[in-house]
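Subject: Structure handover and notes

Dear colleague,

Please find below the structure that I promised to pass on to you. My notes on what was found in it follow directly after.

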Amino acid sequence: MLPQQKTSDTELREKIITLFFTNSRQVFANLRVGVMHGIVHLAGYVDSLAKRAMAEEIVQKIHAVRGVVNRIEAPGAPSPARSIQLNLTDSRKIDDE
Amino acid sequence: MAHSSSSTANTQPLKDALAQTLHFNALSLEVQNAILTAAIPKHFAAGQVIYLEGEPADHVYILASGWVKATRMTPEGREQALLILRPVEIFGDIAVFSGTPYPGTATALEEVHAWAIPAETVIALINQHPELAMAVIRKMGDRVLYYIGLVEDLSLRSVEARLAKTLLANATLHDGQLIVPRRGWSTFDEMADRLGTVRDVLSRALKALEAEGLLRVEKQAILLLNPKGLAERAGS
């Protein structure tokens, strides 16, 4: 069983949406975000692979995020419907405080 | 670039879809009309996300055409296919009725046409129409039975047995031969997800069944050479 999460999925989702909305370049305001068990799911569209990677980086830096499932569409990006397996090596993030 | 879209409703396709949906095909005209009025037509390109795991459940969907995959990420980071949905099917409903976020991610495997009904409208309609509530309960009952079967499969059956069962369930008769057509998205990874395993294990299971003469893997289809033998393996 997972340890008690300090940050709930709902709080985490709100935090990410706020970060995306207040991003100085406003390129992430329309992205979709879901959070379950501290794993963040992203979808929507950006116009470059760099922005797609940046969105993931922003999320990865947030404390309590255990992993990111990046299904954001961008030119040259892999299909959002592809099968994704995460390597969650850092599960301590959710119980170390 | 793929975007979902909605447009002004021509409700006849939805009427036809409801007529093909078990438990919903017997609804009175009044209830059907209430659903038709509330439904928003949606289009998703192949590969596009319909909703994400952990997103607030704001719509129930009726799948009119195209195939949809529903997956869930385990807390350990492993993707598990929950359902492969074929038209006509209702999805997104469990989260709406349980008041939780969507428990899985739904993606379009091919071009999809669906109808979205806002969650609050669905709840209001159910409160007004007991016959709709009964149709929903029956549908949920079917889904529970499906998941009981999935749990049983994952916990009690080998990958080869699950593979044999899935192939038989999806086979069609073509020129006197039982085949499972390989759709564009039907990669080994997708099949592995669906069977709750990984690509390498699935590949070995296919080879094992092929070596026994039960099936043959071809580029466009998997030929079921010995359905009786496969049925026996499915039960093991």
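In helix α9 (residues 227-234) of chain B, the residues L230(B), R233(B) and A234(B) are buried, where buried means that 20 or more other C-beta atoms lie within 10 Å of a residue's own, while a residue with 12 or fewer is exposed and one in between is partly exposed, the C-beta atoms being placed from the backbone. They cover an arc of only 100° around the axis, and therefore lie on the same side of α9(B); the arc is that of the directions from the helix axis to the C-beta atoms. An α-helix has 3.6 residues a turn, so residues three or four places apart point the same way. The cover over the buried residues of α9(B) includes α6 (159-169), β12 (215-217) and β13 (221-224) of chain B. Helices (H or I, at least four residues) and strands (E, at least two) are DSSP runs, numbered from the N terminus.

Please keep in mind that this is a predicted model, in which local features need pLDDT of at least 70 and side-chain atom pairs count only at pLDDT 80 or more, whereas totals for chains, interfaces and linings use all residues. Residues are numbered from 1 along each chain as its sequence is written, and chains are lettered from A and ligands numbered from 1 in the order in which they are written.

As for confidence, the predictor gives the complex an ipTM of 0.85 and a pTM of 0.80. The mean pLDDT (the predictor's confidence in each residue, from 0 to 100) is 88 for chain B, where 94% of the residues reach 70 or more. Among the elements of chain B, the lowest mean pLDDT, 59, belongs to strand β1 (residues 5-6), and the highest, 98, to strand β3 (residues 49-51). Chain A averages a pLDDT of 85, with 85% of its residues scoring at least 70, but over residues 91-97 of chain A pLDDT stays under 50, and the model has 11 contacts beyond four places in sequence for that stretch. Two residues are in contact if their C-beta atoms, placed from the backbone, lie within 7 Å.

Chain B has 9 helices and 13 strands. Its radius of gyration, taken over C-alpha atoms, is 19 Å, close to the 18 Å that the globule rule (2.2 Å times the number of residues to the power 0.38) gives for 236 residues, so chain B is as compact as a globular protein of that length. Buried residues make up 36% of the 236 residues in chain B.

Within chain B, strand β4 (residues 59-65) is mostly covered, since 6 of its 7 residues are buried. Strand β4(B) is joined by 6 bridges to strand β9 (residues 112-118) of chain B, and the two run antiparallel, with Y61(B) standing opposite A116(B) in β9(B). A further antiparallel pairing, of 3 bridges, joins β4(B) to strand β7 (residues 89-91) of chain B, where I90(B) is the bridge partner of I62(B). Two strands pair if DSSP finds at least two bridges between them.

Chain A has 2 helices and 3 strands, which follow the pattern α-β-β-α-β along the sequence. In chain A, β2(A) and β3(A) run parallel and are joined by 7 bridges, and G44(A) stands opposite I72(A) in β3(A). Because 7 of the 7 residues of β3(A) are buried, this strand is largely enclosed by the rest of the structure. G67(A), V69(A), R71(A) and E73(A) point one way from β3(A), and V68(A), N70(A) and I72(A) the other way.

Where the chains meet, 25 residues of chain A are in contact with 27 residues of chain B. On the side of chain A that touches chain B, α1 (9-22), β1 (32-36), β2 (39-45) and β3 (67-73) of chain A each supply at least two residues. By class, that side has 12 nonpolar, 8 polar and 5 charged residues, where Ala, Val, Leu, Ile, Met, Phe, Trp, Tyr, Cys and Pro count as nonpolar, Asp, Glu, Lys and Arg as charged, and the others, Gly among them, as polar.

One residue to look at here is M73(B), in strand β5 (residues 68-73) of chain B, which is buried, with 24 other C-beta atoms within 10 Å. Not counting residues up to four places away in sequence, M73(B) touches M36(A), I39(A), V69(A), E53(B) and E79(B).

With best regards
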